[in-house]
Amino acid sequence: MTGRARVRARGQALSGAAGSAGQPGSPRRPDGSRGDEPMAVRTLQSEKEASTSCGHRETTKLTQRYGFSAGVSGCTLLERGGKTRCNFQDLGVNTRETMAHVKDCKTGFSGIPVKVVTNLYGLGLPREWQLYQYHITFNPELESRRLRLALLYSHTELLGKAKAFDGAILFLSQKLENQVTELASVTKRGETVNITITLTNQLASSSPVCIQFFNIIFKKVLKKLSMYQVGRNFYSPSDPVEIPQHKLTLWPGFAVSITQFENRVMLSADVSHKVLRSETVLEFMTSLYTRTDSACFIQTCEKELVGLIVLTRYNNKTYRIDDIDWCVKPTDTFPKCDGTEISYVDYYNQQYDIVLTDLNQPMLVSRLKSKQNSTVEPRVVHLIPELCYLTGLTSRAISDFRLMKDLAQEMHLNPEQRQQRLSRLVDNIQRIKEARLELEMWGLQLGCQVSLTGRVVPTEKILMQEQTCLPMSAGDWSKDMRNMKIIGVQPLDNWLMLCSNRNGELAENLLNCLKRVGGPMGFHIEYPRILQVQESPMAFLRAVQQHVNPEVQLVMCVLSSNQKDCYDSIKKFLSLDRPVPSQCVLARTLNKQGMMMSVATKIAMQIICKLGGELWAVEIPLKSLMVIGIDVNKDALNKGSSVVGFVASTNSKITSPKVSVIVVRKRCIPRFFAEANRSLQNPPVGTIVDTEATRPEWYDFYLISQLARQGTVNPTYYNVVYDNSGLKPDHMQRLTYKMCHLYYNWPGLIRVPAPCQYAHKLTFLVGQSIHREPSLELADKLFYL
């Protein structure tokens with residue numbers, strides 16, 4: 001494998017504050033406004049420079065404001081409030097029609113059939129169901145969206161119950177008698193307003209606009225179940241799971257999506273959990289202040305908090321912390337819509353009956369970007385730290401084994417438990433009248449859970465230097481390959497080992513274990529030069545700078561702690577200034593009694609890869625094949641920049657290549673359960689699903705290539721967006737499965753093809769520690785493992 005990674009800016013950074021006055025985060029009222037908050041700081045530029053044509057001006061303004069545009073394709077449908085909740089940009093994109101060899105059939109054939117139950121539910125629709133789209137104009141023009149809504153909805157007898165109007169576009173489940181309908185309404189002031197309703201489209205259930213519309217309708221259904229939307233998913237704050245020993249709270253919920261699958265429109269639903277900390281931002285800041293030097297408190301606080309997501313429980317909304325305004329306090333005021341001033345203290349007291357206790361706390365700043373117009377300045381919102389709860393887990397929490405184990409017991413549901421949660425959701429929709437009627441009003445009905453047939457492809461043979469092993473478990477073949485020689489590696493003759501003075505004995509013990517496990521692998525390890533240094537990042541870096549020369553093959557550092565600056569400084573120097581493969585090991589890893597031989601085996605395998613060796617292989621009939629993995633990661637140091645990693649297998653021949661481009665998605669909503677002994681369990685490793693749960697216009701399939709020891713296995717979704725190789729679908733699927741065997745950091749199958757995981761490891765190293773493109777002298781080695 002050869003790897004390159006480059007850091008590139010993701011885009012222009014946001015400008016400074018978008019206005020002098022901030023706005024408290026509060027829920028939208030029925031008319032779409034935010035209570036007494038001031039209006040958006042900046043208006044749409046295109047509204048200021050509107051066309052002189054009245055009709056064109058109205059259409060332009062309403063399209064930008066509400067997100068609708070007439071037509072079947074290229075239409076964006078927004079929910080009330082102007083926010084798109086899902087990304088529907090891929091709807092209507094047909095990549096399969098450009099690939100002649102899969103135009104008629106995209107399914108494979110090899111493997112043993114297996115019946116699987118899915119988390120997909122049919123969406124019952126009448127045979128000739130259509131959605132009718134109308135354009136609405138008012139004469140005279142009305143600026144108030146609420147007034148337009150009231151005047152139009154006063155004609156309920158004509159429009160019927162099933163209607164949706166955003167101020168410009170009207171959707172009905174029944175077609176009006178005339179192409180153009182003229183109506184008249186009278187305002188409370190006695191003014192007559194003429195309303196013109198013009199039919200613009202008759203949309204089939206599979207059209208992109210209908211798919212978006214179905215998703216909005218179903219989210220209304222979830223709200224009828226007293227669920228709240230946080231991010232893209234819906235959760236039940238009324239049914240929390242408390243984990244008091246770790247000061248955490250879990251909100252159970254669901255991720256849902258309605259999509260046109262192979263033969264019909266279906267709902268996919270999966271269990272989701274929102275992790276909340278029982279700690280407010282103010283409590284976090286207070287704790288940080290007690291353990292931080294006051295001179296650098298502000299800088300440390302901003303480094304810890306900026307970029308985190310917080311939840312305000314008074315309205316169950318999430319915000320991203322973009323900045324901290326140390327000059328604004330809760331006693332400061334902001335202008336209301338009527339022009340009067342109100343303090344933040346009084347606002348929260350009047351609006352939510354909340355009494356703030358700390359009147360000297362600073363304000364958190366969140367910039368709310370416009371979803372439909374990237375040129376619009378973000379609207380600045382001020383949040384009270386005392387009322388903001390931190391979400392997600394810190395890196396320290398993630399490294400806490402006991403915490404993660406307790407979380408996993410609640411979040412990692414096995415197939416049977418997951419099925420019970422899904423069944424409860426469906427039962428609630430059918431049982432609660434308001435939720436059921438929301439669907440029935442539009443002629444929709446939630447159908448039965450879908451079952452389908454997948455295929456389990458044959459187990460792959462693992463090729464070693466002199467032997468072939470057929471793993472007893474595809475998830476881990478480390479025991480099967482014990483005492484087998486790896487395919488190839490150069491001896492480790494000249495290398496350096498660094499450790500602190502107190503870890504000298506651990507380093508010697510590790511060295512002895514490495515020599516013991518290296519022999520059966522065919523990996524010769526000479527005794528290294530061992531340097532004992534003081535226990536500080538600078539001491540390690542100074543030793544590396546003084547003793548590493550071009551002849552050194554490897555530098556191993558035994559670190560006393562996972563202190564990031566020490567690891568980063570070593571990796572940066574040995575990847576940029578003096579390119580030499582390096583291996584860092586934590587001392588606590590070497591203290592695990594009874595596990596040293598296993599630890600040494602894994603370390604030896606990593607070292608072999610970093611020296612350019614090859615551990616094992618699988619049979620790949622294709623010759624002159626180059627496999628490329630590409631991944632993108634954020635740069636932790638340079639905000640606004642991303643790292644793009646490119647990892648490729650090397651090929652001795654330079655050909656006129658044929659290309660296949662496959663998008664790999666690790667996270668997808670569909671799940672599959674195998675039926676066995678009247679219960680559900682995870683499908684076998686190697687299960688492929690390429691019918692019914694796939695998209696008709698795409699060349700796509702699901703593959704389960706990893707062994708899930710806990711919870712429910714998550715399939716990986718593959719979408720072949722371009723392919724002129726002519727490979728049959730079965731061969732493409734088998735090749736993909738083979739690639740999942742070749743990740744040398746784990747002697748077993750992984751959930752994505754190895755080149756993709758290598759690219760991820762490369763971008764993670766660069767984005768977290770190096771922040772620059774590594775030296776090309778290391779490009780032909782897996783130095784980033």
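**Close-up views of a predicted model**

**View 1. Packing of helix 15 against helix 18 in the predicted model.** Helix 15, which spans residues 564-577, packs against helix 18, residues 754-770, at an angle of about 115°, and the axes of the two helices lie 9 Å apart. The two helices are therefore roughly perpendicular to each other, and helix 15 passes helix 18 in a left-handed crossing. On the side of helix 15 the contact is formed by Lys564, Tyr567, Asp568, Lys571, Lys572, Ser575 and Leu576, which meet Leu765, Gln768, Ser769 and Ile770 of helix 18. By residue class, this contact of helix 15 with helix 18 comprises four nonpolar, three polar and four charged residues.

**View 2. Packing of helix 13 against helix 16.** Here helix 13 (residues 504-521) and helix 16 (residues 596-610) meet at an angle of about 70°, with 8 Å between their axes, so that helix 13 is roughly perpendicular to helix 16. The crossing in which helix 13 passes helix 16 is right-handed. Helix 13 contributes Asn509, Leu510, Cys513, Leu514, Arg516, Val517 and Met521, while the residues they meet in helix 16 are Met596, Met597, Ala600, Thr601, Ile603, Ala604, Met605 and Ile608. The residues of this contact of helix 13 with helix 16 divide into twelve nonpolar, two polar and one charged.

View 3. Strand 15 pairs with strand 18, residues 363-368, in the antiparallel sense over three bridges, and Asp325 stands opposite Met363 of strand 18.

**View 4. A salt bridge between the side chains of Asp690 and Arg455.** The side chains of these two residues, Asp690 and Arg455, meet with an N to O distance of 2.9 Å. The pair links distant parts of the chain, 235 residues apart, since Asp690 lies in the loop between strand 33 (687-689) and strand 34 (699-704), whereas Arg455 belongs to strand 21, residues 445-456. With a cut-off of 4 Å between a side-chain nitrogen of Lys or Arg and a carboxyl oxygen of Asp or Glu, the count of salt bridges comes to 15.

Key: Residues numbered from 1 in each chain as written. Predicted model: local features only at pLDDT ≥ 70, side-chain atom pairs only at ≥ 80, totals over all residues. Heavy atoms only, no water. Axes fitted to C-alpha atoms, helices over the stretch in contact; angles between N-to-C directions. Helix = DSSP H or I, 4+ residues; strand = E, 2+ residues; numbered from the N terminus. Parallel < 35°, antiparallel > 145°, perpendicular 65-115°, else oblique. Left-handed = near helix turned anticlockwise from the far one by under 90°. Contact = heavy atoms within 4.5 Å. Nonpolar A, V, L, I, M, F, W, Y, C, P; charged D, E, K, R; others polar. Pairing = 2+ DSSP bridges.
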